[in-house]
Amino acid sequence: MARFYLTTAIDYANGDPHIGHAYEKIGADVIARYRRLAGDDVHLLIGMDEHGQKVAQAAAERGIPPQDFVDELAGRFRAMWTKLGISYDQFIRTTDADHKSGVRAFIKRAHASSPDDFYEKTYEGWYCVGCELFKRENEIADGKCVIHPTRDLQWTQERNWFFRLSNYSGFLRRLYDERPDFIQPESRRNEMLALLASGLEDISITRAKLTWAIPFPLASSTGETQGTWVWFDALPNYLTGTGYPDAVWKQRWPADLHIVGKDINRLHSIVWPAMLQAAELPLPRRVWAHGFVNFAGERFSKSAGVKLDVGEAADRFGADAFRYFLLREVPFDADGNFSWERFEERYESDLANALGNLASRSIAMVERYRAGAVPAGPRTAVDTADQADVAAYHAALDGGRGYLLHEGLQAVWRMVARGNEYVDRQAPWKLAKDPAQSAALDETLASLVRQLARFAVLLFPYLPDKSANLWRQLGGPGELGAQRFPDLMSLDPTGWNVSKGDSLFPKEVNRE
Ligand code: MSP
């Protein structure tokens, strides 16, 4: 069985989960579920980034010790991921004891393998606590970080440990050349190529006086122990999550896929590979940098202060509808918008009308005309035409062209439209009135249920709860998640016993 190890960014524990965080976890979950249906042995790692100034400041504002603060937030994030149906296999926290010792072991190994890449230097510059990064001139506008304009930059002058990132330009250029799909999508790869062309600067990897951090494992010449810069603590989570430095790490590492937002692509496509190379460890296979979900022209984030509660959005029409909306509306390779109007429109037209009605009327007709038992019927033009869409679905999700999750949904809804045209054309309610048309009625009902069974499987990655409900109403055998793609086009529901349940997508949900 092929292993597939995928990760998401670990979220900063400085505030509640928001729609931006949710978008990434839902996208990763779709890929994880897709790979499980493809038969892979999947491991999805998600978690929390709990150290650093940003988190320490947020805890101080609440007036509670940072550990209590992050414990509380970790609970809230986990509850949100459960609510949204995220099928994660592991939840890592950077305050876990294993992670802390793993990071120290990793840094020691990098230092032992590449001693010249670590040096001490007195440095001064503007530090953005929002980014947890020193900022260059061209990243500052009106005295503020362009990404976090509500925060003040800190003028920082201290003696720190540095990592000689500048040594790695040639290495990274070769890496991108030899493995053109190391960074996807293409637009994000081009951004990284442009950064390489503009030259890499060495990076400060410790912070003086930062106590809410993993103690940096190399002693400073001044004798003080500094705190590990939060990105040098956070990036190795993908490795410590496999058990590193315990030998078991080799069973899972390297990661097949890191899913991150475009704002932190540089950390994952430049800094992280250089860190691993310094430690002489294998590199991940791919970084996928998705875009942003915006609301009223602003991106969701704590600092931007966009007020739209992710829990409320998920409650509006249920978690699956929320998953559907985000992935249908926001292309996984670009930015997109969240809007309540579009959400309502899509819920009604795509989910309640197109899919929901097709399912409920097909199931009702099998009950009414065939006492609930799905009749046998030959392949129809619908099955033949669906084949191309099923192929498009796989092409969107199997990684060959990257991860175009929105295209997977477009492909399924082309089939849903075909199903609706078919049922209107066949008019089974007319066929049922004429006993001479009994074979035609069987053929129609069989074709409809066959299609619905396919939809259940194809939609399991996107709508885990609703698709399982559909599978039950169709009388499909066993757990939907136990189905495998290779069997999809030969899936034969003859003899299944359907039973109409509650409407999959009721028209009135939580409407005041
Ligand atoms: N803690 C770092 C990541 C460390 S990974 C070793 C971090 N945390 S974050 O909480 O700010 O963001 C977590 C993820 O959510 C990132 O991949 C980020 O790009 C993503 N998003 C944050 N806001 C977003 C949107 N508005 N839209 C989509 N994703 C966005 O960065």
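Start with Glu 329. This residue is buried, with a relative accessible area of 18%; the cut-off for buried is under 20%. Keep in mind that the model is predicted.

Arg 342 and Glu 329 form a salt bridge, with the closest N and O atoms 2.9 Å apart. Colour the two helices: Arg 342 sits in helix α13 and Glu 329 in helix α12 (residues 319–329), so the pair links distant parts of the chain, 13 residues apart. Arg 342 is partly exposed, at 31% relative accessible area.

Stay on helix α13 and select Glu 344. Its salt-bridge partner is Arg 316, and the closest N and O atoms are 3.4 Å apart. Here helix α13 (residues 340–370) is linked to helix α11 (residues 310–317), with Glu 344 and Arg 316 28 residues apart. How accessible is each side of the pair, Glu 344 and Arg 316? Glu 344 counts as partly exposed, at 31% relative accessibility. Arg 316 counts as buried, at 12%.

Next, select Asp 383 and Arg 454. Their side chains meet in a salt bridge, 3.2 Å from N to O. Asp 383 lies in helix α14 (residues 381–397) and Arg 454 in helix α17 (residues 438–459), so the contact ties together parts 71 residues apart in sequence. Both Asp 383 and Arg 454 are buried.

Finally, zoom out. The structure holds 36 salt bridges.

Note on methods
Residues numbered from 1 in each chain as written. Predicted model: local features only at pLDDT ≥ 70, side-chain atom pairs only at ≥ 80, totals over all residues. Heavy atoms only, no water. Salt bridge = Lys/Arg side-chain N within 4 Å of Asp/Glu carboxyl O. Helix = DSSP H or I, 4+ residues; strand = E, 2+ residues; numbered from the N terminus. Buried < 20%, exposed > 50% of the residue type's maximum accessible area, 1.4 Å probe, protein only.
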